[in-house]
Amino acid sequence: MATVGTRYLAHARTDGEGRLTEADELLAQLQVACGGAVGTRVAIPELLALVEKAQRYGLRLARQFEAVDGEHRITAWVEIAPLTDEAGEVDGCTIDVVSWQSEDLPPENDIAAARRRIEINRHLADCTARLDSNQRLLSVETEAPDLADFAEKALANVGKPWTDFVDLPGNAHQQPLHWRLLDGARCEIDGSQRGWTAHLEPLGQPQPGSAGFVLYLSADRPLAIADEGAAADTSEGPSFGRDLTPVLRQPINRIIANAETIRTKLAGPLADEYSSYAADIATAAQHLLALIDDLSDLEVVESEDFTTAPDRIELADVARRACGILGVRAREKGITLVAPPEGESQLAIAEFRRVLQILLNLVANAIRYSPEESQVWIRLDRIGSRALITVADQGHGLDEQQQERVFEKFERLGRSGDGGSGLGLYISRRIARAMDGDLTVESAPGQGARFTLSVPAADDLRQKPR
Amino acid sequence: MPETASPKVVSDQDALREALEAGNAALVRIAPILSHLLSTPDHSLFSDEIVARIRGMCQHLAWQVLRAQAEAAGQAGREAFAERHGAALAEHFFGSPALLAHCHALAIEWQLTEKLEVRYGIDPVLSPLVQELLADQDSSLASAAMASLTAQARFAQSQRRMELPLSELPGDLFHDLLMGWRAYAGQVRSDAMIRAEAKLREAFDEGATRISLMARVVTAMGSDGLRALDIDRAGTALFVSALAIRSGQSRVDAILSTNHRQTARLSLGLRAAGLDSTDIERQVLRLDPQANPPRGMAGFTVEEARRLLTETPISGTE
């Protein structure tokens with residue numbers, strides 16, 4: 001602004017749809033506190049109104065907005081300027097924060113708090129029931145599918161206390177208790193995986209409850225998420241992406257940090273070979289971290305629109321990188337990894353990271369299932385327009401039935417306790433196919449197994465065209 | 001052909017009837033306006049001066065829009081173009097209640113500013129509080145105060161000329177005004193109009209308007225903003241801005257509440273803004289020494305006062 005020398009406290013941008021595309025910390029935090037995120041629509045109600053207005057008018061506006069982040073009342077002064085694209089159409093806005101006042105929210109008075117709580121219960125309840133003054137059921141209404149059984153049972157037993165139809169864990173008293181003791185009680189309901197909270201709104205004056213009650217049952221999570229959880233529970237245990245990723249990331253990050261400390265000899269002098277082991281640890285852990293991301297994206301890999309970012313890559317590089325990462329593990333079992341000889345080359349069109357991921361999976365499997373003192377070969381080849389990379393081991397091999405099943409999800413071929421997840425080959429084949437390639441196996445019992453990844457080949461640009 | 005009137009006679013009759021109806025409509029309005037003027041002992045809200053100021057501001061707005069249009073069309077006699085259409089467009093603007101309310105409030109604000117200068121010697125532009133803020137440690141507050149001072153000086157100047165620069169309108173009114181201009185121009189908009197409108201919108205910066213700068217100063221003062229609720233120290237402009245922001249009223253409503261028949265609203269507004277009952281009484285008497293401040297303000301909490309205000313809004317204003 002021309003008239004005032006202004007120091008901006010924060011800056012943000014929205015796109016034409018009112019989504020917050022970028023935001024400095026101040027606004028980003030408030031956006032999150034209001035239930036949004038960077039990338040979603042502006043969640044701060046008054047700010048959204050301003051942004052939409054500036055966009056609609058095509059005018060630069062400067063206004064105050066107020067918001068509550070849960071603990072503070074925030075009063076901020078913002079300048080909002082619409083952005084125009086080449087066609088002269090307004091496409092998003094910039095937001096500059098000029099001043100930012102934050103004060104503690106005044107304590108809410110009890111009556112207002114109680115009223116608000118009732119309002120929230122009313123809006124969130126998946127089930128409402130009307131009770132008489134002795135907490136006996138008069139009517140039940142629900143739209144939640146997992147409460148259908150409950151509602152049916154309850155409706156067939158109108159006139160009985162509502163507490164007969166729910167489990168109140170840790171509450172062994174004769175039911176129903178006084179409503180004030182039951183208000184806010186946690187309960188479990190047959191047929192529903194979700195945890196429930198019961199709220200009782202007393203009706204009638206002057207004695208609250210003299211005209212009966214309204215019972216609100218609110219679940220601890222929405223049904224959609226509950227369903228996903230239930231499906232995951234039956235088929236694959238805890239969901240990797242949701243449950244394990246955060247748990248795994250932290251220790252792995254620590255491994256990397258410590259390995260890096262050892263590698264760089266920060267903690268004191270160390271023999272060089274140990275330092276290089278530490279480097280291997282760090283590399284492996286880093287790759288593990290990337291793998292966790294991939295696994296947590298299992299749903300993404302499985303979706304039809306999963307794509308990779310193909311590039312011209314050198315398969316020999318990928319093979320050597322895989323041997324480097326897994327060399328230590330192989331040596332521990334006395335297995336020799338035979339990488340493609342120096343100078344051998346095969347160019348392909350594929351995503352480096354994904355090919356490496358597949359190769360690591362194949363080589364790790366080979367190491368895991370090969371006898372000690374054996375060899376694992378990695379060979380490059382080309383057939384027509386396909387570039388091939390093959391991992392061959394001297395293990396027990398697979399019979400035909402096993403070969404059919406080995407790429408199935410969670411297929412362990414009867415093995416357990418060796419650290420495998422049964423997902424590796426499944427994901428690898430998915431990725432291979434997403435890169436316009438394939439992953440196949442040739443084997444016979446007692447003759448070892450040969451896993452072959454084929455991807456589109458690329459010609460060496462340095463060679464003269466034939 | 002005596003039986004049937006010719007089409008020309010019919011259309012003449014229609015025209016006459018229309019003119020008659022229009023005339024009647026004007027006459028019908030005489031009674032309520034007259035009775036209102038006669039029954040109101042105090043004309044401070046409708047004095048000739050106020051009406052003249054509102055008319056002046058609307059005409060100035062119309063002229064500025066038309067001048068921009070003439071400029072975009074490249075017409076030589078820009079002043080003449082504005083002269084030709086100015087009165088009619090201004091009349092069109094009279095039909096916008098929000099714009100009228102805004103101009104009315106500005107006229108009242110300026111009248112109050114002048115009154116306080118005469119009565120208590122409060123400088124219309126540089127009040128003691130503004131002077132203090134200019135030296136504030138918070139450089140962003142100090143520079144906002146400086147900008148508001150400049151804007152207030154511009155305001156004083158334009159009010160003396162009964163003018164209102166387009167660039168001083170709040171964003172919503174600016175938009176309304178441009179839409180009104182479009183409506184006045186009719187269905188077909190010339191390229192010149194489109195260019196002129198785009199140029200006006202491009203040049204508009206709400207953050208540079210006086211009202212916005214005042215609000216920004218009050219916001220930047222934070223909890224210290226209570227100090228702006230002393231009209232002797234803050235001056236009219238900052239006082240009404242602080243009153244509006246801190247009590248949750250529009251600035252128009254806050255200005256109207258300074259009228260001496262609005263003591264109840266003023267007291268409640270000051271309570272909602274956070275003043276205690278002694279200070280409220282002081283401010284009320286300061287604005288009107290003959291006023292009878294309502295009793296029992298101490299019994300209202302800030303929230304109750306705010307709720308009462310929002311439950312009984314002034315109709316017709318935003």
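**Entry 1: a helix pair in chain B**

Which residues in α13(B) meet residues in α15(B)? I looked this up in what is a predicted model. On the side of α13(B), I found B:Leu268, B:Gly269, B:Arg271 and B:Ala272. Their counterparts in α15(B) are B:Val302, B:Ala305, B:Arg306, B:Leu308 and B:Leu309.

I next examined the geometry of the pair. Helix α13 of chain B spans residues 263-273, and helix α15 of chain B spans residues 302-311. Their axes lie 7 Å apart, and the packing angle is about 135 degrees. I therefore recorded α13(B) and α15(B) as oblique to each other. For the handedness, I noted that α13(B) passes α15(B) in a left-handed crossing.

**Entry 2: chain B as a whole**

I counted the secondary structure elements of chain B and found 15 helices and zero strands. The chain has 318 residues, of which 40% are buried. I also looked at the contacts in chain B with a separation of 6 or more: 69% of them join residues 24 or more positions apart.

**Entry 3: an open sheet in chain A**

I turned to chain A and traced an open sheet of five strands in the order β12-β14-β15-β17-β16, with mixed pairing. At its edges I found β12 (336-338) and β16 (438-443) of chain A, each of which pairs on one side only. Neighbouring strands of this sheet are turned by 20 degrees against each other on average, direction ignored.

Within the sheet I followed one pairing in detail. In chain A, strand β15 (residues 386-392) and strand β17 (residues 449-456) are antiparallel and share seven bridges. A:Arg386 stands opposite A:Pro456 in β17(A).

**Entry 4: helices on the sheet**

Which strands does helix α10 of chain A touch? I found that this helix (residues 315-332) packs on the sheet and touches β12, β14 (375-383) and β15 of chain A. Its direction makes about 170 degrees with that of β14(A). Helix α11 of chain A (residues 352-369) lies across β12, β14, β15, β16 and β17 of chain A. I noted that helix α11 runs at about 25 degrees to β15(A).

**Entry 5: the contact between the chains**

Finally, I looked up the contact of the two chains, which takes 21 residues from chain A and 22 residues from chain B. On the side of chain A, β3 (61-68), β4 (72-84) and β5 (90-104) each supply at least two residues. The largest share, four residues, comes from β5(A). By class, I recorded nine nonpolar, eight polar and four charged residues on the side of chain A that touches chain B.

Note on methods
Residues numbered from 1 in each chain as written. Chains lettered and ligands numbered in written order. Predicted model: local features only at pLDDT ≥ 70, side-chain atom pairs only at ≥ 80, totals over all residues. Pairing = 2+ DSSP bridges. Axes fitted to C-alpha atoms, helices over the stretch in contact; angles between N-to-C directions. Contact = placed C-beta atoms within 7 Å. Buried ≥ 20, exposed ≤ 12 C-beta atoms within 10 Å, placed from the backbone. Parallel < 35°, antiparallel > 145°, perpendicular 65-115°, else oblique. Left-handed = near helix turned anticlockwise from the far one by under 90°. Nonpolar A, V, L, I, M, F, W, Y, C, P; charged D, E, K, R; others polar.
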